[in-house]
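Me: Hi! I'm new to this one and would like a friendly walk through it. Could you show it to me before we start?

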Amino acid sequence: MAYSVNNGGLNMIESGDLNNDGLTDIAVTCLGIRSGLAILLQNSYGTFDAPVYHYIEQLPSFYDLAIGDVNGDSRNDLVATKSWNKVNVFLQNTQGALEQPNSYALNYPEPVVIEDVNNDGRQDVIVVHGGWLTGLLQERNGKLGKYIGIAVPYQSHYHPQGLAVGDINGDGRNDAIITHYEAGLVMLYNIY
């Protein structure tokens, strides 16, 4: 099946339950003069409803997407990076809709992943940008608070799929792996 999405084409895509109905939905970034997201909700027939659009401001468009529970309420939220200056967090409310985003200033955020990186059982937002890996840590109150930053080899842009987080050395802690066009694979072992 084919689904049409407006606004000049597509960039990045993620899937996850974005309305708390137990079904997998699709989020897509839209290219155009405004930052756009298209959300296609899966229905009970196993197909997808017409896209619901979220436009928030002028250029640049969103760069990358991640889906996960970043406020500890057991509902998936959507995180979208804007490659100039923001990490946008769209929280899912109790009605199963995405709210207007909370924005966090960060220079040139590009790839984003949602994982627990400090072993507290809460999912954090991890971003690579301009020679840094930055984590926005989820606090006990469900808010994203403390920033942690680790220097990584600089490159002007990181590929959207150029960041992965997982336990790569078997010690029970999530580590980060970054692809780098000169250094190859950059592995950051978690010491939390």
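Reply: Here is a short chat about strands, cores, loops and salt bridges. This is a predicted model, where local features need pLDDT of at least 70, side-chain atom pairs count only at pLDDT 80 or more, and totals for chains, interfaces and linings use all residues. Residues are numbered from 1 along each chain as its sequence is written, and side-chain values use heavy atoms, with hydrogens and water left out.

Me: Great. How many of the residues of strand 5 are buried?

Reply: For strand 5 (residues 62-68), 7 of its 7 residues are buried, so this strand is mostly covered. Buried means under 20% relative accessible area, exposed means over 50%, and partly exposed is in between (1.4 Å probe, protein chains only). Strands are DSSP runs of E with at least two residues, numbered from the N terminus.

Me: And which strand does strand 5 pair with?

Reply: Strand 5 pairs with strand 6 in the antiparallel sense, over 6 bridges. Two strands count as paired if DSSP finds at least two bridges between them. One of the partners here is Val-79 in strand 6, which bridges to Ala-66.

Me: Where does the pairing go from strand 6?

Reply: Strand 6 (residues 77-82) also pairs with strand 7, antiparallel again, over 5 bridges. Strand 7 in turn runs antiparallel to strand 8 (residues 102-105), joined by 4 bridges. You can follow this through Asn-88 in strand 7: Ala-80 is bridged to Asn-88, and Asn-88 has Ser-103 in strand 8 as a bridge partner.

Me: Why is strand 7 described as largely enclosed?

Reply: Because 4 of the 5 residues of strand 7 (residues 86-90) are buried, the rest of the structure largely encloses this strand.

Me: Switching topic: what is in the largest nonpolar core?

Reply: That core has 15 residues, and those with the most contacts inside it are Leu-133, Leu-163, Val-165, Ile-178 and Leu-188. Two or more residues each come from strand 10 (124-129), strand 11 (132-138), strand 13 (163-166), strand 14 (175-180) and strand 15 (184-188). Apart from this core lies another, of 14 residues, including Val-79, Leu-91, Leu-106 and Leu-136. A nonpolar core is a set of buried Ala, Val, Leu, Ile, Met, Phe, Trp, Tyr and Cys residues joined through side-chain atoms within 4.5 Å.

Me: What does Leu-163 touch?

Reply: Not counting residues up to four places away in sequence, Leu-163 touches Pro-111, Val-112, Val-113, Ile-126, Val-127, Val-128, Leu-133, Ala-176, Ile-177 and Ile-178. Contact means heavy atoms within 4.5 Å.

Me: Val-112 is in that list. Is Val-112 buried or exposed?

Reply: Val-112 counts as buried, at 6% relative accessibility, and lies in strand 9. Leaving aside neighbours within four places in sequence, the residues in contact with Val-112 include Asp-64, Leu-65, Ala-66, Val-79 and Leu-163. The C-alpha atoms of Val-112 and Val-87 are separated by 8.9 Å, with the two residues 25 residues apart along the chain.

Me: What about the surface: which residues form a nonpolar patch?

Reply: Ile-168, Leu-185, Met-187 and Tyr-189 do, with about 390 Å² of accessible area together. Met-187 is placed in strand 15 and counts as partly exposed at 40% relative accessibility. Patches use residues with over 30% relative accessible area and no salt bridge; like charges are joined within 9 Å, and nonpolar side chains (Val, Leu, Ile, Met, Phe, Trp, Tyr) within 5 Å. Accessible areas come from the Shrake-Rupley method with a 1.4 Å probe, and for residues only the protein chains shown count as cover.

Me: How many salt bridges are there?

Reply: The count comes to 3 salt bridges, each being a side-chain nitrogen of Lys or Arg within 4 Å of a carboxyl oxygen of Asp or Glu. Asp-73 meets Arg-75 at 3.0 Å, N to O; Asp-73 is partly exposed at 22% relative accessibility, whereas Arg-75 is buried at 15%. Arg-122 is bridged to Asp-120, with the closest N and O atoms 3.0 Å apart. Arg-173 forms a salt bridge with Asp-171, and the closest N and O atoms there are 3.0 Å apart.

Me: Last one: what is the phi of Tyr-108?

Reply: Phi of Tyr-108 is near 50 degrees, a positive value in a residue other than glycine. Tyr-108 lies in the loop between strand 8 and strand 9 (112-115). Asn-119 has a positive phi too, near 55 degrees, and is found in the loop between strand 9 and strand 10.
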